[in-house]
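These are my notebook entries on one chain, written down in the order in which I looked things up.

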Amino acid sequence: MAGIDLLLLNVGNAYDGLACLFGVRNYFGFRPLAEDRGFPDDASEGLRREFADCGGPHDVHGTTWLTWSELETTDWQETDGSGMRTRGSAAGIGTHWGPVWKVMHILSDIHGVENVRLVAWFH
């Protein structure tokens with residue numbers, strides 16, 4: 001089941017965060033956490049419809065997903081290719097991604113860490 005649209009959490013287009021998390025526009029040289037994993041096979045019908053409404057695999061790119069379990073074990077001090085910028089400064093709790101992580105954390109408390117994931121694709 002789809003929980004919430006990222007647009008409601010005002011993530012914006014912080015390209016350093018997108019690079020760090022998904023490898024999109026990765027001019028920063030981060031080792032992405034979840035790059036091009038594709039659309040999850042076990043996605044809900046609602047999420048499948050939303051993906052199809054965006055054009056599906058023919059009209060989007062970078063389709064991937066990331067679980068809360070993975071985020072909990074992420075090294076937020078890992079740096080980009082220059083060694084100057086940390087993963088935490090690009091996409092940590094104090095960035096535009098903070099509200100997403102808070103919602104995922106709450107959902108994981110209710111449904112379990114393996115049962116909460118972020119699914120993303122780009123136009």
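This is a predicted model: local features need pLDDT of at least 70, side-chain atom pairs count only at pLDDT 80 or more; totals for chains, interfaces and linings use all residues.

Residues are numbered from 1 along each chain as its sequence is written, and side-chain values use heavy atoms, with hydrogens and water left out.

Entry 1: I looked up Leu-71 and found that, leaving aside residues up to four places away in sequence, Leu-71 touches Leu-33, Leu-66, Trp-76, Trp-101 and Met-104. For the next step I needed "buried", which is under 20% relative accessible area, with exposed over 50% and partly exposed in between (1.4 Å probe, protein chains only). A nonpolar core is then a set of buried Ala, Val, Leu, Ile, Met, Phe, Trp, Tyr and Cys residues joined through side-chain atoms within 4.5 Å. The largest such core has 23 residues, and those that touch the most other members are Leu-21, Phe-22, Leu-71, Trp-97, Trp-101 and Met-104. At least two residues of this core come from each of α1 (15–22), α4 (68–72), α5 (87–91), α6 (98–111) and β2 (117–122), where helices (H or I, at least four residues) and strands (E, at least two) are DSSP runs numbered from the N terminus. Helix α1 gives the most, with 5 residues. I also found a second, separate core of 7 residues, which includes Phe-39, Ala-43, Val-60 and Val-119.

**Entry 2: helix α1.** How many of the residues of α1 are buried? I counted 7 of its 8, so that the helix is mostly covered, and the buried ones are Asp-16, Gly-17, Leu-18, Ala-19, Cys-20, Leu-21 and Phe-22. Their cover includes β1 (61–67), α5, α6 and β2. Just after α1, I saw that Gly-23 takes a positive phi of about 75°.

**Entry 3: aromatic rings.** Rings of Phe, Tyr and Trp (its six-membered ring) pair if their centres lie within 6.5 Å, and planes under 30 degrees apart count as stacked, over 60 as edge-to-face and the rest as tilted. By this rule the structure holds 8 aromatic pairs. The rings of Phe-39 and Trp-121 have their centres 6.2 Å apart and their planes at 50°, so I recorded a tilted pair. Phe-39 is in the loop between α1 and α2 (45–53) and Trp-121 in strand β2, 82 residues apart. For Phe-51 and Trp-121 the centres are 4.9 Å apart and the planes at 75°, so this pair is edge-to-face. Because Phe-51 lies in helix α2 and Trp-121 in strand β2, the pair ties together parts that are 70 residues apart in sequence. Both Phe-51 and Trp-121 are buried. Elsewhere, ring pairs link Phe-22, Trp-76, Trp-97, Trp-101 and Phe-122 into a cluster.

**Entry 4: Ala-120.** I placed Ala-120 in strand β2, and it is buried, with a relative accessible area of 6%. Again leaving aside residues up to four places away in sequence, Ala-120 touches Phe-22, Gly-62, Thr-63 and Thr-64. The C-alpha atoms of Ala-120 and Phe-51 are separated by 9.5 Å, although these residues are 69 apart along the chain.

How values were computed: Contact means heavy atoms within 4.5 Å.
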